[in-house]
Amino acid sequence: MGKRILTLAACLVISVLIVIGVPILMNEFDGAAVDRGVTQTTGLFEQQVVYVNPKEKTISRLYADGELVGIVRDVNALKAHMKELYHSTYEKDYPDSSLGLGRNVYIMEELSCFEYEDRDDEIIAWLDERNAYSLEAVEITFSDGENITGHMYVLDKDLYLDALNEYLSLFISKDAMAEISRGNVLSSTTTFGTKETGVSIAQTISTNDCFAPIEEICTTKEQILEYLKYGSDTEKEYYTVEKFDTVAGVGSKNHGLSATQVMMINSDQITSVDQVLPEGMKLCVTYFESPIDVTVYRQTLRSETVFFQTTYTTDETMLEGESEVRQSGSNGQRNALYSEKWINGVLVSGKLESYNQTKAPVNEVVVQGTKQQPGVGTGNYVYPVANPGISCVWGCYYGHKANDFVDEYNRWGDVYATDNGVVITNTYDSISGWYVKIDHQNGYVSYYGHMIQQSDLPVGSVVEKGQVIGHIGMTGLATGPHVHFYVAYQGKELDVCNELNGFPSCEGLVRG
């Protein structure tokens with residue numbers, strides 16, 4: 001009985017406070033009393049308190065960028081509005097998603113005795129005017145372990161995986177990708193040519209369901225593919241094809257890109273490195289700046305020439321200046337296996353793993369009445385670089401009368417004299433950069449352009465075949481490290497790969 005009396009007394013006190021005491025208490029907040037109670041303004045809409053409850057109830061405060069917008073009386077009505085807005089406006093372009101509040105727009109619930117006037121329609125209109133909404137999406141994050149290298153929003157994870165596989169197919173064959181997707185280990189090559197033996201992505205890729213700004217969501221494979229190629233970098237350089245340009249020539253003129261690289265970044269227009277390019281075609285010449293690094297491991301098995309050496313002996317019975325070949329030289333052959341590492345389609349390293357000599361070279365033996373006549377060419381040449389590749393062939397662009405040799409495994413490697421001779425030019429000009437000419441004293445002169453610095457060999461130096469005469473560079477008008485190389489006969493430049501007898505085969509050297 002006593003407890004009931006106490007309960008009734010407490011209720012009576014609360015009733016008195018509600019009728020009489022609350023206006024006085026509320027004056028401590030803003031000092032503005034009204035007939036119905038008090039005025040407690042809040043948010044952009046200055047909603048008034050219309051009732052003070054005896055018990056605390058949950059209210060929903062809507063914030064944008066940390067500022068209070070207003071009190072939402074009916075959160076379910078807001079949710080229903082977003083659901084209807086999604087169906088009427090976004091579902092067609094963003095299927096299987098849902099609408100949520102936008103970035104930095106959020107609702108915080110709290111307990112309060114105050115009940116505010118209903119301004120839900122105005123709050124919803126405010127959200128609609130600013131399109132302050134987001135859509136359910138998938139966030140793709142790329143990280144290298146310490147830093148985030150990129151992130152993107154996609155509507156559908158399967159769409160992203162489809163685009164990722166297409167991006168990877170730029171660097172590794174679809175057959176190899178199919179083997180990897182089946183969980184098979186790629187085997188070593190046993191036949192001539194190149195074969196992929198592995199692929200990896202350096203970054204960690206994570207996916208997370210989220211709500212994202214509508215305008216930042218990729219909805220097509222093309223949009224995702226563009227981000228995988230260039231990240232957030234939308235600035236690209238373009239080149240207009242000139243008459244007689246080839247795919248390789250376009251690359252040679254622009255940052256030393258290979259023909260394959262030009263084809264990859266313009267895959268919507270170019271499907272072959274041998275494709276004929278119409279004058280006026282616009283091609284992108286900005287290589288990929290991807291948030292991921294795709295590493296492909298390859299093995300290359302190729303047949304190589306093992307060059308014979310020439311040895312000289314003297315014969316006191318022969319007149320001075322006379323010579324005789326006592327044993328003709330012949331080159332040998334070997335099957336050489338190289339391992340290579342490619343990152344984002346660019347060869348970054350390679351080394352000889354093993355070789356099998358299939359034919360031994362036979363050295364040439366020359367007998368002379370005196371020591372070998374210095375500076376006279378043998379007519380049998382060696383490549384001007386080690387690990388040779390050709391980045392731009394004779395005529396790869398209009399007026400290109402040379403073959404551009406590169407060292408595939410050392411961009412700044414040695415440059416070799418292609419045969420015995422005498423240095424007749426060692427100088428610089430704005431087109432050739434540092435260059436050297438060697439007179440082989442048999443009607444032939446060889447040329448080596450774009451070297452990294454002036455050769456140490458003064459004019460008049462006698463050089464032997466294979467002697468280091470300088471280092472690969474890109475001085476003068478060169479877009480990448482290479483040796484602009486040709487041999488001239490009686491002043492006429494020759495394509496060494498097709499017109500010079502005694503020059504080793506160029507088969508398999510042209511970059512794809």
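Predicted model: local features only at pLDDT ≥ 70, side-chain atom pairs only at ≥ 80, totals over all residues.
User: Thanks. Which residues of helix 6 are buried?

Analyst: Helix 6 spans residues 221-230, and its buried residues are I224, L225, Y227, L228, K229 and Y230.

User: How do helix 4 and helix 6 pack?

Analyst: Their axes are 9 Å apart, at an angle of about 50°. The two helices are therefore oblique to each other, and helix 4 passes helix 6 in a right-handed crossing.

User: Which residues make that contact?

Analyst: Helix 4 brings L159, Y160, D162, A163, L164, E166 and Y167, while helix 6 brings K221, I224, L225, L228 and K229. By class, that is eight nonpolar, four charged and no polar residues.

User: What follows helix 6?

Analyst: G231, with a positive phi near 60°.

User: Switching topic: what's the strand order in the open sheet of four strands?

Analyst: The order is 9-14-17-18, with antiparallel pairing. Strand 9 (193-201) and strand 18 (346-359) are the edges, each pairing on one side only. Ignoring direction, neighbouring strands are turned by 20° against each other on average.

User: How many bridges link strand 9 and strand 14?

Analyst: Eight, in the antiparallel sense, with strand 14 covering residues 294-306. As for who faces whom, S200 stands opposite T295 in strand 14.

Conventions: Residues numbered from 1 in each chain as written. Heavy atoms only, no water. Buried < 20%, exposed > 50% of the residue type's maximum accessible area, 1.4 Å probe, protein only. Axes fitted to C-alpha atoms, helices over the stretch in contact; angles between N-to-C directions. Parallel < 35°, antiparallel > 145°, perpendicular 65-115°, else oblique. Left-handed = near helix turned anticlockwise from the far one by under 90°. Contact = heavy atoms within 4.5 Å. Nonpolar A, V, L, I, M, F, W, Y, C, P; charged D, E, K, R; others polar. Pairing = 2+ DSSP bridges.
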